[in-house]
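Colleague: Please show me the structure and take me through its packing. I am new to it.

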Amino acid sequence: MKYISTRGQAPALNFEDVLLAGLASDGGLYVPETLPKFLPEQIAEWSSLNYAELAEQVITPFVAESIPNQDLRRIIQDTYASFSHTAIAPMQQLAANEWVMELFHGPTLAFKDFALQLLGRLLDYVLAKRDERAVIVGATSGDTGSAAIEGCRPCENVDIFIMHPHNRVSDVQRRQMTTVVGDNVFNLAIEGNFDDCQAMVKACFSNQNFLQNKARLVAVNSINWARIMAQVVYYFYAAIHLGAPHRSVSFSVPTGNFGDIFAGYIARQMGLPINQLVVATNRNDILHRFISGNQYAKEQLYPTLSPSMDIMISSNFERLLFDLHGRNGQTLAALMEQFNEQGSISIEPYRWEQAKQLFSSCRVSDEETIVTIKQVYADTGYLLDPHTAIGVKAARSCRNNRVNPMVTLATAHPVKFPDAIVQAGLASAELPHHLTDLFEREERYQVLANKLEDVQQHIQTHGRFFK
């Protein structure tokens with residue numbers, strides 16, 4: 001399988017090269033040239049598979065030319081052996097035909113473990129094969145950083161530098177990053193917001209001279225195709241266990257960067273019978289404004305009770321725009337240039353109508369988030385984190401029928417966001433056993449100004465491959 005850039009000017013690459021490249025050389029995002037298609041009979045045959053076995057079936061077409069089957073099987077088995085629940089992504093029922101899929105049983109209690117535990121192992125495999133070294137520079141609004149660190153901490157050929165906005169992530173989220181001990185782990189608290197951190201990541205990829213040819217730069221945020229690929233699996237897992245391919249299933253996804261719900265879109269393109277995809281946003285609602293009003297525009301960033309979604313620009317949305325524009329890289333590149341210059345774009349009405357046929361959307365306020373947490377707990381005794389509560393509220397607001405099961409992706413454990421739980425008048429969740437001493441562990445991080453040169457100098461000074 002070959003991968004092409006959304007902006008049409010970068011060379012087509014195989015999976016191994018895309019894994020290491022992250023962002024394309026023309027500034028675009030890599031997507032498969034063609035998607036594998038699964039027939040209903042194939043999907044039906046997977047009903048007896050466990051999560052790792054299903055992951056192997058879904059992922060193999062994307063990597064087959066780069067990773068032998070036996071090596072991929074070992075990597076996948078090792079990845080999900082680190083999860084604390086044998087079902088890996090267990091389902092909890094809230095009401096008739098209404099479910100949440102728990103994606104927080106990985107090491108860092110967030111859905112990003114599904115992709116980043118796999119990504120770290122894939123990176124180590126490919127780098128060892130090539131006898132190369134890599135530096136990861138990443139940005140996090142909360143969960144990506146800890147998941148990336150846990151996924152890459154054992155890697156012998158990787159140094160990882162994760163930026164988070166100083167004082168803008170929860171205490172649990174910060175400590176899950178800053179208490180990890182590893183010679184290859186570096187946490188940077190940037191005096192700015194998440195988008196400032198993300199902009200510096202992109203700037204590093206645009207000009208990699210600061211690496212002095214001593215290592216290659218690798219992205220672990222959601223622009224890396226391997227993360228989307230890994231997330232596609234749990235859509236198949238949930239749908240199959242609720243009756244697919246014999247009936248369609250709907251999903252509500254709390255999302256900021258559009259990566260997680262784009263994986264659902266890919267699953268549908270691959271043949272999974274998905275009836276509805278609901279984009280659930282908080283007050284920072286650039287995606288909802290586009291889907292509801294054809295206006296994709298940067299606005300002020302507001303802190304909310306769901307900080308992992310406090311994002312002004314949705315990095316993965318470019319991948320959908322690419323498809324909406326007939327996969328024309330030249331057209332897409334011009335559109336993104338317009339967005340960068342003006343901070344706002346709209347698309348032709350017929351293309352927007354196509355997007356509306358693919359997605360529903362809902363914006364959920366902090367007040368509505370609290371009400372949903374309280375209501376679900378009163379009705380079921382089940383405690384939602386604020387991001388998942390946004391997904392549940394959006395699912396109930398946008399649902400187009402009661403026949404298809406509606407699954408909300410539970411993207412994080414409620415213990416990570418105690419402020420929302422307390423505001424809902426409920427007792428905070430307890431940390432799982434492996435994190436009970438989290439607040440006693442020593443933190444290690446460096447506060448840096450919101451300056452690219454300071455970040456790059458820190459990498460040169462502290463990275464193992466520059467000594």
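Predicted model: local features only at pLDDT ≥ 70, side-chain atom pairs only at ≥ 80, totals over all residues.

Modeller: Residues are numbered from 1 along each chain as its sequence is written, and side-chain values use heavy atoms, with hydrogens and water left out.

Colleague: In what order do the 5 strands of the open sheet lie?

Modeller: Strands are DSSP runs of E with at least two residues, and helices are runs of H or I with at least four, each numbered from the N terminus. Two strands pair if DSSP finds at least two bridges between them. The pairing here is parallel, and β8 (216-218) and β15 (446-448) are the edge strands. The order is β8-β5-β6-β7-β15.

Colleague: Which residue of β6 is the bridge partner of A139?

Modeller: Strands β5 (residues 134-139) and β6 (residues 158-165) run parallel and are joined by 6 bridges. The partner of A139 in β6 is M163.

Colleague: Is α5 parallel, perpendicular or oblique to α9?

Modeller: Axes are lines fitted to C-alpha atoms, for helices over the stretch in contact, and angles between N-to-C directions run from 0 to 180 degrees. The axes of α5 (residues 112-130) and α9 (residues 225-241) come within 8 Å and cross at roughly 130°. Angles under 35 degrees count as roughly parallel, over 145 as roughly antiparallel, 65 to 115 as roughly perpendicular and the rest as oblique. Therefore α5 is to α9 oblique.

Colleague: How many nonpolar residues are in the contact of α5 with α9?

Modeller: Contact means heavy atoms within 4.5 Å; among the residues that meet are L118 and L122 in α5 and M229 and Y234 in α9. Ala, Val, Leu, Ile, Met, Phe, Trp, Tyr, Cys and Pro count as nonpolar, Asp, Glu, Lys and Arg as charged, and the others, including Gly, as polar. The contact has 2 charged and 1 polar residues, and the nonpolar ones number 10.

Colleague: At what angle do the axes of α9 and α10 cross?

Modeller: Residues making this contact include W225 and Y235 of α9 and F262 and I266 of α10. The axes of α9 and α10 (residues 259-269) come within 8 Å, and the crossing angle is roughly 65°.

Colleague: Which residue forms a salt bridge with E98?

Modeller: A salt bridge is a side-chain nitrogen of Lys or Arg within 4 Å of a carboxyl oxygen of Asp or Glu. The pair links strand β4 to helix α16, 298 residues apart. With the closest N and O atoms 2.7 Å apart, the partner of E98 is R396.
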